[in-house]
Amino acid sequence: MEVSAKIIAEHLGGEIIGNPDVTVSSVARIESGRSGTLCFLANPKYEHYLYTCKASIILINRTFEPKEPVQATLVKVDNAYEAIASLLDLLNTMKSARRRGRAWSAHIAFSARLGKGVYVGSNAYIGKKAVVGKGSQIYPMVYIGEGVTVGENCIIYPGVKIYRGCKIGNNCIIQANAVIGSDGFGFAPTADGTYKKIPQTGIVTVEDNCEIGANTVIDRSTMGTTLIEKGVKLDNLIQVAHNVVIGANTVIAAQTGIAGSSKVGRSCMIGGQVGIAGHLNIADGTRLAAQAGVQGDIREEGKAYMGSPAIEHMNFIRSYAIFRRNGKK
């Protein structure tokens, strides 16, 4: 599959400097570009590669002016980094035609309802009274339990398990082996020192335009719903405990754990291996650096935190300077 500089520029609203008919079939890093590939330059630190790169097309920022001749055709855009994401989406769409039909080995309950154009792969299971919206792709070995709702144009990759009653919105992507709706970790201590399991009677709700990474687990609530709001992006290997709420457009990197009944605000950015204790409130726009340990509420919006226990970014930098100085004595 090849695409020309002219089509790329039209899609991105860009300006072509060079041959509009040159074509590319893949994308590469600017330091390893070759004929037939497209690269991009967004970070000035990599500018020197621009003048030796063998790629056929390079995306650059509209305000950037090369200091030396460039072999490739240039496409100037407002934001090269943002444009490459849009372009990758276009190339992916052009490459992958949506699958249709139902594999003979799939088990679909008689009372389940599937919308127009739904694909169901081999050995997938769709339980009683489940609903799958039009255009959704259910890959092989997926389990969709009784009463589950999956919205329109979702992609559910192999091995995903969605337990009974859970709700997935429109345009969601759930990567391989994620588990949605497993029991929350709820046990009551008894007089004899054992633990009695507390029934987890709620569900998980994932709203529209969310992505759930591979092997991520989101537990059902004890009562009500564990809620993942619109536009949330969860990386691989994340644990979201029961009754948690994650606000719209928050992004969370791998190996983060959020304990039960905590509420994460909107548009937060959470790094890898962050730990958030239970029953906390995290303000909108909070930024948590990798391996931060949050043990108390964060009430002020838009602040950055580091360390464990997590403290404000500048306080952490000052403290670290003291730690280093004392460590050298």
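The following legends describe close-up views of a predicted model.

In this predicted model, local features require pLDDT of at least 70 and side-chain atom pairs count only at pLDDT 80 or more, whereas totals for chains, interfaces and linings use all residues. Residues are numbered from 1 along each chain as its sequence is written, and side-chain values use heavy atoms, with hydrogens and water left out.

**View A. The buried side of helix 1.** Helix 1 spans residues 5-12; helices (H or I, at least four residues) and strands (E, at least two) are DSSP runs, numbered from the N terminus. Ala5, Ile8, Ala9 and Leu12 of this helix are buried. They lie on the same side of helix 1 because they cover an arc of only 95° around the axis, the arc being that of the directions from the helix axis to the C-beta atoms. An α-helix has 3.6 residues a turn, so residues three or four places apart point the same way. Gly13, with a positive phi near 65°, follows helix 1. Buried denotes under 20% relative accessible area, exposed over 50%, and partly exposed the range in between (1.4 Å probe, protein chains only).

**View B. Surroundings of Thr73.** Thr73 belongs to strand 7 (residues 73-77) and is buried, at a relative accessible area of 6%. A polar atom of the Thr73 side chain lies 3.1 Å from the backbone nitrogen of Asn19. Neighbours within four places in sequence aside, the contacts of Thr73 (heavy atoms within 4.5 Å) include Ala5, Ile16, Ile17, Val22 and Ile58.

**View C. Aromatic pairs.** Six aromatic pairs are found in a search of the whole structure. Rings of Phe, Tyr and Trp (its six-membered ring) pair if their centres lie within 6.5 Å; planes under 30 degrees apart count as stacked, over 60 as edge-to-face and the rest as tilted. Tyr46 and Tyr49 form a stacked pair, 6.2 Å centre to centre with 25° between the planes. Tyr46 is partly exposed at 29% relative accessibility, and Tyr49 is partly exposed with a relative accessible area of 27%. Tyr119 and Tyr139 form an edge-to-face pair, 5.9 Å centre to centre with 85° between the planes. This pair links distant parts of the chain, 20 residues apart: Tyr119 is in strand 11 (residues 119-120), and Tyr139 is in the loop between strand 14 (137-138) and strand 15 (143-144). Tyr119 is buried at 11% relative accessibility, as is Tyr139 at 17%. Ring pairs join Tyr119, Tyr139 and Tyr157 into a cluster.

**View D. Surroundings of Asp219.** Asp219, in strand 26 (residues 217-219), is buried with a relative accessible area of 5%. Its side chain makes a polar contact of 3.0 Å with the side chain of Gln239. A polar contact is a pair of N or O atoms within 3.5 Å; within protein, one must be able to donate a hydrogen and the other to accept it, and residues adjacent in sequence count only if both atoms are side-chain atoms. Neighbours within four places in sequence aside, residues in contact with Asp219 include Asp183, Phe185, Val204, Thr226 and His242.

**View E. Nonpolar cores.** A nonpolar core is a set of buried Ala, Val, Leu, Ile, Met, Phe, Trp, Tyr and Cys residues joined through side-chain atoms within 4.5 Å. The largest has 54 residues, and Ile144, Ile162 and Ile276 have the most contacts inside it. Strand 24 (residues 203-206) contributes the largest share of this core, three residues. Another core, of 18 residues, lies apart from it and has Val75, Val77, Ile84 and Leu87 among its members.
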